[in-house]
Amino acid sequence: MNYYPNFEEKVRIVRQALGHPLTLSEKILYSHLFDWDAGERWNGATGDWQGCGSVVRPLHRLADYGDFRPDRVALQDATGQMALLQFMNAGKEKVCTPASVHCDHLICASDGADNDLFAAREANMEVYDFLSSASSRYGIDFWQPGAGIIHQIVLENYAFPGGMMVGTDSHTPNAGGLSMLAIGVGGADAVDVLTGMPWELLMPRIIGVELTGSLSGWASPKDVILKLAGMLTVKGGTNSILEYFGPGVGTISCTGRATICNMGAEVGATSSIFPFDGNSAKYLSATGRQDVAETASAYADDLRADPEVVRAPSRYFDEVLHINLSQMEPYVNGPFTPDAACPVSDMKRRIQENGFPDRIEVSLVGSCTNSSYGDLSRAASVAETALKAGLKPKASLVINPGSEMIRATAERDGILDTFRRAGATIMANACGPCIGQWRRKVTDNAAKNSIVTTFNRNFAKRADGNPNTNAFLVSPEMAIALAFAGSLSFNPLADSFDGFRFPEPQGNDFPEGGFIGHGSGRIFPKPGSPEPLISPESERLQKLKPFEKWDGKDFISLPLLIKVKGKCTTDHISMAGPWLKYRGHLEHISENLLIGATDAFTGKSGPVAPLARKLHSSVVVAEDNYGEGSSREHAAMEPRFLGVKAIIAKSFARIHETNLKKQGVLALTFSCPSDYEKVRHGDKFDILCSGLTAGTPVKVVLHHEDGTSEEIETKHSYNSVQIGWFKAGSALNSLKENE
Ligand code: SF4
């Protein structure tokens, strides 16, 4: 493996070129600049990157874009369909970067793993066939339905310290637990990497998170990120990498670190990363990668921040946060937003003040966030003590293991048996309720109700499509304790119920007998496989037609499609749940455009697509952090497909803004956010963008129905390459034009 000697040498050159000690994030980012490999500059005889000093120029954080060459791409079955459809349009024989496809999002949790997998294969056969044949044809590893959830599979099989990857899923940063800089992107960005094009990223800020002390008792890695979500809020990590360091790091297992990195997405972070150490090496060895563990260990100094950075973090990080792990207590975050953080000791007060339903109806354990062996064994220890005391959970219990390796090992070791004795339904190794794929059995949908989950997101309707469900995020051990107590206000550290007091959870990060089932469900590509077929009659898949080029003129008299009020996540723009099945069919899925968004004039939400079709061309206006949440590019392709020319928001979530740019939708922000209030019902917009250039504001004239008009100024973050995408009609059009 010659990766690490190259990495070490690149880091040396970067340190010299920048003239200061490096954070781990900088080491990985700069060593993945696209130009390193532009020529054969590595001289094996001298062991030097000849003449490569010029490749490295300082990229100013939040100001400069860099072109990067990630080592790997991961695609899930919902977003992967559109990514592969786009890749097919690029006319390449084979992917230029190692990649994997994971069938995890389309499996509906209902009756348990066996039945649900059977039903999923029946319902999604056409999509699975397409993904598997496209994977085989283009050189991609394919993971069958039931093999596991994308991020867990990546951690177990592909993530490696010092590497860089992109994934078409917001929680791709999970691999940061194994010191890989992993970033969630839209399908269009993934296509850039798959086609060997430079992948562009605004150089992020780097927030240092110093961990001291050590976790004990009920406190878990999940609580670290739940607390941090409260500190940073859903926007606090925007355009930033969260880099963890400090003596507390070594007290957290590799999978616990992955949980923390996974949920960095909830504060909007570009990525999150932990340094490499003995815990990382132990996990690599336990998952069959002894060779990587040994080689990485030899270069460990380059797989963590330089000592000067650790000694004086405020000099090298843009912001430094401190968390003392010894003072952590469990957190209960929610409902409706992951940053509504509350220490368990304060929950009684919060429930009383807000009137949350105290009775917990369902407790959901698992997902890509919290389904490691350590998570499940600690959760099972909590269940076991209650079962031994003759208790049964008062809430229903649902378990979603993260991978077949975890499921098979947990089955062998009696962990799943413990959950079954507690009445749990063991679902498939898949996303299920985490992405609205849950056939929840309730009699009254209108009643407010509470559920607890170990997942990472709790936006309204995300788990079961019901706006009356209050979902609270907790650790696995808390989820089990709360399920037995049946009460959201229960604090296992202080309270008893039915005369029973929980002892502290116990668990093992690694099974004594080693993992079994590693790699189950993986299918390797076969060279010479035929082109995947897509029926023109298909309900689920549709070949893409390139979007039309911009005519270079100002947009004149564009009608307002919708003025969105309040939070508008990608779930609101392109709802999941029942719509997931149309992720490969742009025309069909476009019917859900903005169906969950609140209209500022009516206060209601509902179908927007019919009006968009009627108007042909239109504008969307929105408030802050428009497009936060998952990375789905459908949320950008749908408005483009239905004629939305521009979206003017107070601010955008990073991934979504890039996705809009990739699809050729003009993404503008109000220079003065209060100008949002000037937009009236029935407005027409002149957007004077014919001279669009980097860094220059764009004038917009609002024509009101009463005949008056107002001029406002908008800003944009397009650089010259992105302006090229806009001109060509999309990034893919631009790629083809330039080939
Ligand atoms: S966050 Fe949920 S939906 Fe996304 S990959 Fe993880 S389990 Fe699946």
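Where is the place of Pro-335? In this predicted model, Pro-335 sits in the loop between β13 (319–324) and α14 (347–354), and the legends below take up that loop together with several other views.

**View 1. The whole protein and its dimensions.** The protein contains 25 helices and 27 strands, and its C-alpha atoms fill a box of roughly 75 × 70 × 55 Å along the principal axes. The radius of gyration is 25 Å, which agrees with the value near 27 Å that a compact globule would have with 739 residues.

View 2. In the loop that runs between β13 (319–324) and α14 (347–354), the peptide bond from Gly-334 to Pro-335 is cis, its omega being near 0°.

**View 3. A positive phi at Leu-62.** Leu-62 lies in the loop between β2 (48–49) and β3 (65–68), and although Leu-62 is not a glycine, its phi is positive, at about 65°.

**View 4. The packing of helices α10 and α11.** Two packed helices are described by the angle between their axes and the distance between the axes. Helix α10 (residues 278–286) packs with helix α11 (residues 290–298) at an angle of about 155°, and the axes of these helices are 7 Å apart. Because angles over 145 degrees count as roughly antiparallel, α10 is described as roughly antiparallel to α11. On the α10 side the contact is made by Ala-281, Leu-284 and Ser-285, while α11 contributes Gln-290, Val-292, Ala-293, Ala-296 and Ser-297. Sorted by class, this contact of α10 with α11 has 5 nonpolar and 3 polar residues, with no charged residues.

**View 5. Domain 2 beside domain 3.** The protein is divided into domain 1 (69–197), domain 2 (330–485) and domain 3 (555–738). The centres of domain 2 and domain 3, taken over C-alpha atoms, are separated by 36 Å, and the contact takes 6 residues from domain 2 and 6 residues from domain 3. On the side of domain 2 that touches domain 3, the classes are 2 nonpolar, 3 polar and 1 charged residues.

**View 6. The shell of residues around the ligand.** Of the 14 residues around the ligand, those that come nearest are Ser-367, Cys-368, Cys-431, Cys-434 and Ile-435. The shell divides by class into 7 nonpolar, 5 polar and 2 charged residues, and it draws at least three residues from each of domain 1 (69–197) and domain 2 (330–485).

Terms used. Residues numbered from 1 in each chain as written. Predicted model: local features only at pLDDT ≥ 70, side-chain atom pairs only at ≥ 80, totals over all residues. Axes fitted to C-alpha atoms, helices over the stretch in contact; angles between N-to-C directions. Helix = DSSP H or I, 4+ residues; strand = E, 2+ residues; numbered from the N terminus. Parallel < 35°, antiparallel > 145°, perpendicular 65-115°, else oblique. Contact = placed C-beta atoms within 7 Å. Nonpolar A, V, L, I, M, F, W, Y, C, P; charged D, E, K, R; others polar. Domains from an automatic or database assignment. Near = placed C-beta within 6 Å. Rg over C-alpha atoms; globule rule 2.2 N^0.38 Å.
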